[in-house]
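Trainee: Could we go through this structure together? I would like to begin with its pockets.

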Amino acid sequence: MKKLFIRNATIDDLDIVYNIEAKCFPEAEAATYDALKERLATFPESFFVAELDKDVIGFVNGCSTDKPELPDELYHDLSMHNPDGAYQTVFGLDVLPKYQHNGYASQLMNHLIKVSKERNKKGIILTCKDHLIGFYESFGYKHLGVSNSTHGDAKWNDMLLEF
């Protein structure tokens, strides 16, 4: 496995991040171009890209909040972002399909966990599909059950990693 370089995303990454998002999620679930642009502006401290041979192949992003919850409203109302919030969220962990199953998503998640601990967060909250529960449990996340989320008309599971 080649070594990834993980860094904070910048507005210059917007086009590639949008293209990766469109390849990783169905249209109903994918963040729009404008939503990703707003995320980059609102919480750049929690938006990371992964480069392989200087090409961005994936990213992870999410805001901070005071409660260990990830309601759908957080995705759409970024004024709810609290940089000093106790919990880091994960809005998306994306790796281009041709690079998946090589450990790159794990490296991105480990980076977010490390940064979140350094920032004295109490934990990380996310939602995921059924087939990814085991992946997140491998990092220590607890499956809290089926989420109330109706994002993209899909079934989601609440996952919490407490530090």
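Mentor: A definition comes first: on a 1 Å grid over the protein atoms alone, a pocket is an open set of points where a 1.4 Å probe fits, with protein on both sides within 12 Å along at least five of seven lines, and a lining residue has an atom within 4 Å of a point. Points are joined across faces, edges and corners, and the volume is the space filled by probe spheres set on them. This is a predicted model, in which local features need pLDDT of at least 70 and side-chain atom pairs count only at pLDDT 80 or more, while totals for chains, interfaces and linings use all residues. Residues are numbered from 1 along each chain as its sequence is written, and side-chain values use heavy atoms, without hydrogens or water.

Trainee: What volume does the largest pocket have?

Mentor: The volume of the largest pocket is about 820 Å³. Its lining comprises 38 residues, and those closest to its centre are Phe 25, Leu 93, Asp 94, Leu 132 and Tyr 136.

Trainee: Which element gives the most to that lining?

Mentor: Strand β6 does, with four residues. At least two residues each come from α1, α2, α3 (72-76), β6, α4 (104-118), β7 (123-128) and α5 (133-137). These labels are DSSP runs numbered from the N terminus: helices are H or I with at least four residues, strands E with at least two.

Trainee: And how do the lining residues divide by type?

Mentor: The lining of the largest pocket holds 21 nonpolar, eleven polar and six charged residues. Here Ala, Val, Leu, Ile, Met, Phe, Trp, Tyr, Cys and Pro count as nonpolar, Asp, Glu, Lys and Arg as charged, and the others, Gly among them, as polar.

Trainee: Now the sheet. In what order do the five strands lie?

Mentor: The order is β4-β5-β7-β9-β8, in an open sheet with mixed pairing. Its edge strands are β4 and β8 (142-146), each pairing on one side only. Two strands pair if DSSP finds at least two bridges between them.

Trainee: Which way do β4 and β5 run, parallel or antiparallel?

Mentor: Strands β4 (residues 64-65) and β5 run antiparallel and are joined by two bridges. Ser 64 stands opposite Gln 88, and Thr 65 has Tyr 87 as its bridge partner. On the pairing of β5 with β7, the sense is parallel, over four bridges, and Thr 89 stands opposite Ile 125.

Trainee: Next, the aromatics. How many aromatic pairs are there in the whole structure?

Mentor: The search finds eight. Rings of Phe, Tyr and Trp (its six-membered ring) pair if their centres lie within 6.5 Å; planes under 30 degrees apart count as stacked, over 60 as edge-to-face and the rest as tilted.

Trainee: Why is the pair of Tyr 18 and Tyr 33 called edge-to-face?

Mentor: Their planes stand at 80°, with the ring centres 5.5 Å apart, so the pair is edge-to-face. Tyr 18 lies in helix α1 (residues 14-24) and Tyr 33 in helix α2 (residues 33-42), 15 residues apart. Tyr 18 is partly exposed at 32% relative accessible area, and Tyr 33 is partly exposed at 34%.

Trainee: What about Phe 43 and Phe 91?

Mentor: With centres 5.6 Å apart and planes at 85°, the rings of Phe 43 and Phe 91 are also edge-to-face. Phe 43 is in the loop between α2 and β2 (47-52), Phe 91 in the loop between β5 (87-90) and β6 (92-95), 48 residues apart. Both Phe 43 and Phe 91 are buried. Elsewhere, ring pairs link Phe 135, Tyr 136, Phe 139 and Tyr 141 into a cluster.

Trainee: And where does the charged end of Lys 129 sit?

Mentor: The charged end of Lys 129 sits over the ring of Trp 156, 5.0 Å from its centre. The criterion is NZ of Lys or CZ of Arg within 6 Å of the ring centre and within 35 degrees of the ring normal.

Trainee: Last topic: what is the phi of Lys 54?

Mentor: Phi of Lys 54 is near 70°, a positive value in a residue other than glycine. Most residues other than glycine have a negative phi. Lys 54 is in the loop between β2 and β3 (55-61) and is exposed, at 76% relative accessibility. His 101 has a positive phi of about 70°; His 101 lies in the loop between β6 and α4 and is exposed at 82%.

Conventions
Buried < 20%, exposed > 50% of the residue type's maximum accessible area, 1.4 Å probe, protein only.
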